[in-house]
Amino acid sequence: MKQERFVALHGKAWDRLQSWLNALDRQPRRTLRQEEALDFPAEYRRACHHLALARGRGYSREVTDRLQRLVEHGHRVLYRPPAPRWHRVAVFLLAGFPSLVRAQWRCMLAAAVLFYVPALAILVLLQLRPELAHTFFSSAQLAQFEKMYDPANPHIGRSSGTDLQMFGFYVMNNVGIAFRTFASGLIFGVGAIYVLGANGVLIGGIAGHLTAIGYGGPFWRFVAGHSPFELTALVIAGGAGLHLGLTLLAPGRQRRGPALVAAGWVGAQLALGAFAMLLVAAFIEAYWSSIASLPDPLRFGVAALLWLLVLAWLWRGGRAGKHGA
């Protein structure tokens with residue numbers, strides 16, 4: 001076969017393999033868009049065969065050098081050691097997780113509305129009608145909230161205990177709430193709707209009552225630092241639960257079983273990322289929020305910065321690699 005005919009037959013396959021390898025150098029294989037995936041081992045073996053043919057037939061250096069570079073590049077990819085586990089975790093948290101959140105933006109938006117609208121409505125309502133707090137909470141509960149955020153309390157927002165003990169408590173409590181929010185989506189999404197709304201009423205009720213009686217200062221100072229991670233993680237867990245419920249109700253063109261498995265895998269990844277956010281929130285709550293001596297400008301300035309970082313991470317995380325592919 002003449003060289004021109006050989007290049008015309010296989011040149012596009014070489015270009016496709018080279019483009020895939022170049023994209024792989026910029027991001028892990030598992031993050032490539034589905035349409036860019038290919039059977040790499042088979043394509044690599046075919047390129048090796050073409051290189052052997054080109055050499056055996058005495059084709060020009062231009063062709064053999066091109067194939068030699070392609071084969072060497074493929075060899076480095078095929079036999080390179082796998083990325084360490086910590087690297088895979090970091091790539092998921094920095095790029096894969098925010099990409100999943102954006103991909104499920106409709107469920108995330110619905111979860112945010114279900115959570116924040118009741119919270120804000122109850123907060124405002126209790127400023128106008130403070131006596132309605134007794135409608136949402138018992139007298140014992142209100143007394144407990146007031147004791148925790150009494151300006152005279154040396155342990156604002158927490159019971160007495162070491163920072164490490166409180167960190168463990170916050171982790172178990174917050175992760176438990178997020179898991180229930182996610183798992184309740186299996187009840188055709190109704191459970192997730194209820195848990196999101198109930199938590200919105202709870203948080204809005206506590207904030208509204210404490211603000212109405214003059215304890216708002218200690219409360220807002222305590223919750224400002226960890227709320228960006230904690231509240232956002234709760235919304236994401238709820239969005240993952242809604243995704244499960246909607247898949248049960250309307251699996252689309254797939255059968256319900258396979259569709260639920262796929263939705264469960266997506267939801268599990270979203271829940272895993274939300275749990276990681278709750279670990280960060282618990283750390284901030286235990287070791288930062290409880291420091292009474294922090295000046296308000298520093299405390300609220302850091303809180304604003306953390307909100308910006310969380311929103312920027314969820315909005316931009318993973319976009320650079322996707323565009324580079």
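**Figure 1. The largest pocket of the predicted model.** About 1,400 Å³ of space lies in the largest pocket. The pocket is lined by 46 residues, and those closest to its centre are Tyr149, Ile203, Ile206, Val223 and Glu230. The structure shown here and in the other views is a predicted model. Rolling a probe the size of a water molecule over the atoms shows where empty space is left.

**Figure 2. The lining of the largest pocket.** Several helices each supply at least two residues of this lining, among them α5 (105-128), α7 (139-148), α8 (163-183) and α9 (190-212). Also in this group are α10 (216-223), α11 (227-249), α12 (256-287) and α13 (296-316). Which helix gives the largest share of the lining? That helix is α8, with seven residues. Sorted by type, the lining residues divide into 29 nonpolar, 13 polar and four charged.

**Figure 3. An aromatic pair, Phe92 and Phe97.** The model has 15 aromatic pairs. One of them joins Phe92 and Phe97, with 6.1 Å from centre to centre and 55 degrees between the planes, and this pair is tilted. A pair of aromatic rings is described by the distance of the centres and the angle of the planes. Are the two residues buried or exposed? Phe92 has a relative accessible area of 17%, so Phe92 is buried, because buried means under 20%. Phe97 has a relative accessibility of 0% and also counts as buried.

Figure 4. Tyr149, Phe219, Trp220 and Phe222 are linked into a cluster by ring pairs. Tyr149 is also one of the residues closest to the centre of the largest pocket. Another ring, that of Trp315, has the charged end of Arg319 sitting over it. The distance from this charged end to the centre of the Trp315 ring is 4.5 Å.

**Figure 5. His73 and Leu78 in helix α3.** His73 lies in helix α3, which covers residues 61-78. With a relative accessible area of 8%, His73 is buried. Not counting residues up to four places away in sequence, His73 touches Gln18, Leu21, Asn22 and Asp25. Leu78 has its place in helix α3 too. The relative accessible area of Leu78 is 32%, so this residue is partly exposed. Leaving aside neighbours within four places in sequence, Leu78 is in contact with Phe40 and Tyr44.

**Figure 6. Ala112 in helix α5.** Ala112 is found in helix α5, a helix that supplies at least two residues of the lining of the largest pocket. Which residues does Ala112 touch, not counting residues up to four places away in sequence? They are Val117 and Val235. Ala112 and Val175 are 63 residues apart in sequence, and their C-alpha atoms are 18 Å apart in space.

Figure 7. Thr232 lies in helix α11. At 10% relative accessibility, Thr232 counts as buried, because the limit for buried is under 20% relative accessible area. Not counting residues up to four places away in sequence, Thr232 touches Tyr116, Ser227, Met277, Trp307, Val310 and Leu314.

Figure 8. Val91 is found in helix α4, residues 85-103. Val91 counts as buried, at 17% relative accessibility. In sequence, Val91 and Gly317 are 226 residues apart, while in space they are 9.8 Å apart, C-alpha to C-alpha. Ala286 lies in helix α12. With a relative accessible area of 0%, Ala286 is buried. Ala286 and Val89 are 197 residues apart in sequence and 24 Å apart in space, C-alpha to C-alpha.

Methods:
Residues are numbered from 1 along each chain as its sequence is written. This is a predicted model: local features need pLDDT of at least 70, side-chain atom pairs count only at pLDDT 80 or more; totals for chains, interfaces and linings use all residues. Side-chain values use heavy atoms; hydrogens and water are left out. On a 1 Å grid over the protein atoms alone, a cavity is a set of points where a 1.4 Å probe fits but cannot get out, and a pocket is an open set with protein on both sides within 12 Å along at least five of seven lines; lining residues have an atom within 4 Å of a point. Grid points are joined across faces, edges and corners, and a volume is the space filled by probe spheres set on the points. Helices (H or I, at least four residues) and strands (E, at least two) are DSSP runs, numbered from the N terminus. Ala, Val, Leu, Ile, Met, Phe, Trp, Tyr, Cys and Pro count as nonpolar, Asp, Glu, Lys and Arg as charged, and the others, Gly among them, as polar. Rings of Phe, Tyr and Trp (its six-membered ring) pair if their centres lie within 6.5 Å; planes under 30 degrees apart count as stacked, over 60 as edge-to-face and the rest as tilted. Buried means under 20% relative accessible area, exposed over 50%, partly exposed in between (1.4 Å probe, protein chains only). A charge sits over a ring if NZ of Lys or CZ of Arg is within 6 Å of the ring centre and within 35 degrees of the ring normal. Contact means heavy atoms within 4.5 Å.
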